[in-house]
Amino acid sequence: MNATRHIADRHDLIRVRGARENNLKDVSVDIPKRRLTVFTGVSGSGKSSLVFDTVAAESQRMINETYSAFLQGFMPTLARPEVDHLEGLTTAIIVDQERLGANPRSTVGTVTDVNALLRILFSRLGVPHVGGPNAYSFNVPTVHASGAMTVDKANARAVRTTFTQTGGMCPRCEGRGRVNDIDLDEILDAELSLLDGAIKVPGYTADGWYVKIYAESGLLDGHKPIKDYSERERHDLLYKDAVKIRYGSNNFTYEGLIPKISKSMLTKDTEAMQPHIRAFVERAVTFRTCPDCEGTRLTAAARGSKIEGLSIADVCALQITDVLAWAEKISDPGVAPLVAGLREVLGHFVQIGLGYLSLDRSSGTLSGGEAQRTKLVRHLGSALTDVTYVFDEPTVGLHPHDVQRMNVLLEQLRDKGNTVLVVEHKPETIAIADHVVDLGPGAGSAGGTITFEGTVDELRASDTRTGRHLAYRASVKDDVRTPTGTLEIRGASTHNLRDVDVDLPLGVLTVVTGVAGSGKSSLVHGSVAGRDGVVVVDQGAIKGSRRSNPATYTGLLEPVRKAFAKANCVKPALFSANSEGACQACNGAGVIYTDLGMMAGVSTTCMECEGKRFGADVLEYRFGGLNIAEVLALPAAEAATFFGARDSKVPAARTIAERLVDVGLGYVSLGQPLTTLSGGERQRLKLATHLGDAGGIIVLDEPTSGLHLADVAQLLTLLDRLVDSGRSVIVVEHHQAVMAHADHIVDLGPGAGHDGGRIVFEGTPAELVAQRTTLTGEHLARYVGA
């Protein structure tokens with residue numbers, strides 16, 4: 001046998017040369033294939049820019065180019081990343097933390113195709129039999145049709161025929177599980193006429209297009225107050241079915257106000273709405289469980305068909321571990337392959353630590369970590385090999401007990417012959433890496449270079465920031481603060497909580513912990529959030545376009561614009577790139593975007609303003625020696641000093657800039673687009689905006705997400721400062737360093753789903769470590785070396 005290595009086996013590296021995406025500074029690196037490589041570094045050092053925006057992005061772009069031009073026209077256009085050369089790429093599968101769609105029809109069962117398997121199973125074995133798979137789908141309505149059909153034969157003749165499609169959608173709630181009651185007083189002002197502004201719905205102004213069609217439809221009197229309408233006129237205004245009407249020289253569809261609002265607003269998830277629309281819906285509409293289907297979304301026939309005593313609605317309402325136990329009872333040989341596939345997928349849920357979810361859980365309610373692990377389910381049983389899996393902090397939201405299981409899954413993907421790239425901060429996951437790439441040394445403009453490449457042992461011996469902190473272990477706090485009062489929670493039963501009674505101490509740092517799915521968020525968000533004086537900083541995504549930046553998001557730009565306007569005796573609107581001060585050539589975007597159809601679009605720096613976004617005349621105005629573009633280019637730390645100087649003093653702007661520094665974002669420039677910030681940076685930006693909110697109790701939901709080991713110490717300093725200023729801080733967290741630093745710990749469990757929902761420990765970190773009666777206690781004791 002020829003021992004010479006085949007030439008095809010020599011392509012065992014992904015070679016990156018001259019990467020310059022975002023803050024990367026001509027980065028060149030070799031990434032070994034069929035190995036587990038972990039990318040580390042402080043938040044904002046360039047990890048995501050290298051892994052996602054360069055390697056994964058180019059892989060996806062090149063795959064898209066293999067499709068026909070016709071198909072590419074329907075696909076998103078991907079620009080080539082800023083890199084000189086890429087070699088050795090394989091197909092990239094990205095498993096990120098992007099939230100799953102907030103469509104109210106989307107559930108855990110539908111996004112993982114488990115519902116599809118269940119529908120087929122019930123259509124074969126359900127008793128009584130009600131129809132095919134569609135008869136068990138809450139997204140398929142029942143349709144009846146009839147008409148004439150011409151059969152084209154020797155003797156052509158018309159044949160009367162009927163058509164019926166049996167669907168499982170509940171007709172009352174249309175498969176959403178909820179119906180709405182609309183408060184007409186919030187819709188209409190009966191004292192006014194249509195043309196005087198009787199319709200109070202956002203977008204329906206008195207001089208607007210919709211209102212003119214209503215007023216001049218011929219069906220209604222636009223000048224008569226609504227209170228004087230006849231019963232028929234009121235019905236036509238509110239409930240009339242869609243009809244064609246003539247308005248001017250055009251035909252339009254007239255539809256009653258209630259069905260029109262229902263279609264345009266109430267079919268969307270409230271979290272996906274614009275703030276003013278969401279405020280209107282929350283004010284005018286009351287949602288309740290559909291009385292016909294009892295929230296199951298299904299018809300009575302679908303709910304009545306059962307296997308092993310359970311309907312498809314019953315099965316979807318169970319937590320996944322119980323669904324797996326139910327599937328184990330099905331032994332019919334006619335559906336053996338189907339049941340085997342179902343068991344395999346359900347087993348992956350359990351294996352990945354999501355066995356506590358139910359299949360009817362709305363996908364929009366999953367956290368970022370849960371969404372990422374849900375996406376991973378479909379890849380665990382894949383027969384594909386030699387692909388590149390790209391993960392973005394897969395351990396986020398995981399208890400230390402669950403991190404071990406995630407590590408096993410990552411190793412399994414690698415051992416099948418795949419390349420696994422992981423962006424991660426947890427030392428437990430860094431420890432299993434075959435290869436480590438550390439970026440830094442700092443963040444933003446201070447990062448973007450490779451500071452280390454090699455094994456984990458070599459990283460520990462290195463003098464990099466990550467290497468120095470890899471072996472760091474926090475010590476349990478010796479002296480805890482004395483509470484100033486208590487926040488009583490009685491009979492908490494949200495989701496899986498079992499009538500929990502607990503007193504959360506005030507005036508101290510309290511950590512609420514427990515395994516994923518144990519009920520932490522249910523306790524805090526269900527029983528603490530919403531109370532007077534409580535400020536909640538959750539993990540909800542920051543919404544913003546590439547025109548949004550820290551200055552606009554935090555409100556810092558407003559006092560700065562006024563200061564510029566006062567100093568130069570002009571209007572504040574001139575100092576907004578989204579208003580009168582915008583460069584006319586690029587409309588304040590700073591770049592000129594050229595759409596090339598199916599090809600990747602090209603964006604070039606605006607030649608007129610050189611990317612500064614403002615018109616040349618606006619840049620002539622100065623404040624404290626700088627123009628508005630130069631001020632927005634300042635890092636937050638420099639901005640805090642600038643706004644505190646005597647000739648450029650803006651106290652409100654200085655306060656906000658100092659908050660950005662407090663949360664570790666001193667390196668981020670005020671005008672940096674939000675779309676270029678990492679996940680950890682966005683969460684800390686949200687925290688900075690809430691630091692100034694009035695409220696004695698601050699609730700933080702996993703604030704260490706996306707934080708480097710070195711940044712956690714800065715976060716703990718900030719939490720201490722908040723408590724010492726007289727506030728109470730409640731943190732939902734898994735990070736052992738935060739637990740060790742707490743004054744009081746509330747541990748939920750002992751397991752997840754129906755195995756959790758109980759308080760298993762209350763007390764100080766030292767007591768938790770000493771007792772070691774819970775999973776959290778065991779892991780915390782191991783972490784602090786007790």
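These questions and answers walk through a predicted model of one protein chain.

Trainee: How many helices and strands does the protein chain have?
Mentor: The model is predicted, and its elements are DSSP runs. Both kinds are present in the protein chain. The count is 29 helices and 27 strands.

Trainee: What radius of gyration does the protein chain have, against the globule rule?
Mentor: For 786 residues the globule rule gives 28 Å. The chain comes close to that, so it is as compact as a globular protein of that length. Its C-alpha atoms fill a box of roughly 85 × 80 × 70 Å along the principal axes. The radius of gyration is 30 Å.

Trainee: What share of the residues counts as buried?
Mentor: Buried means under 20% relative accessible area. The accessible surface of the chain comes to about 35,600 Å², and carbon and sulfur atoms hold 50% of that surface. Of the 786 residues, the buried share is 50%.

Trainee: What share of the contacts with a separation of 6 or more joins residues 24 or more positions apart?
Mentor: Take the contacts in the protein chain with a separation of 6 or more. Among these, residues 24 or more positions apart account for 66%.

Trainee: Which strands stand at the edges of the open six-stranded sheet?
Mentor: The order is β5-β14-β15-β3-β16-β17, with mixed pairing. An edge strand has a single partner, so one side of it is left without a neighbour in the sheet. Neighbouring strands here are turned by 20° against each other on average, direction ignored. The edge strands are β5 (92-95) and β17 (449-454).

Trainee: Which residue of β14 is the bridge partner of V95?
Mentor: Strand β5 runs parallel to β14 (residues 388-392), and four bridges join the two. One of the paired residues is V95. Its partner in β14 is F391.

Trainee: Which helix packs on the sheet and touches β3, β14 and β15, with a direction about 150° from that of β15?
Mentor: Helix α1 (residues 47-64) touches β3, β5, β14, β15, β16 and β17, and its direction makes about 130° with that of β5. The angle of about 150° with β15 belongs to the helix at residues 400-415. That helix is α15.

Trainee: What arc do the buried residues of α12 cover around the axis?
Mentor: In α12 (residues 320-327), the buried residues are I320, V323, L324, W326 and A327. Their arc puts them on the same side of the helix. They pack against α4, β12, β13, α11 and α13.

Trainee: Is V143 buried or partly exposed, and at what relative accessible area?
Mentor: V143 lies in strand β6 (residues 143-151). Beyond its neighbours within four places in sequence, V143 contacts F163, T164 and Q165. The C-alpha atoms of V143 and Q165 are 5.0 Å apart, though 22 residues separate them along the chain. Buried would need under 20%, so V143 is partly exposed, at 32%.

Trainee: What relative accessibility does G256 have?
Mentor: G256 sits in the loop between β10 (250-254) and α8 (257-264). Leaving aside neighbours within four places, its contacts are Y214, D236, L237, L238, Y239 and K240. D241 is 15 residues away in sequence and 6.3 Å away, C-alpha to C-alpha. G256 counts as buried, with a relative accessibility of 0%.

Conventions:
Residues numbered from 1 in each chain as written. Predicted model: local features only at pLDDT ≥ 70, side-chain atom pairs only at ≥ 80, totals over all residues. Heavy atoms only, no water. Pairing = 2+ DSSP bridges. Axes fitted to C-alpha atoms, helices over the stretch in contact; angles between N-to-C directions. Contact = heavy atoms within 4.5 Å. Rg over C-alpha atoms; globule rule 2.2 N^0.38 Å. Buried < 20%, exposed > 50% of the residue type's maximum accessible area, 1.4 Å probe, protein only. Areas by Shrake-Rupley, 256 points an atom, 1.4 Å probe, with all protein chains shown as cover. Arc of directions from axis to C-beta.
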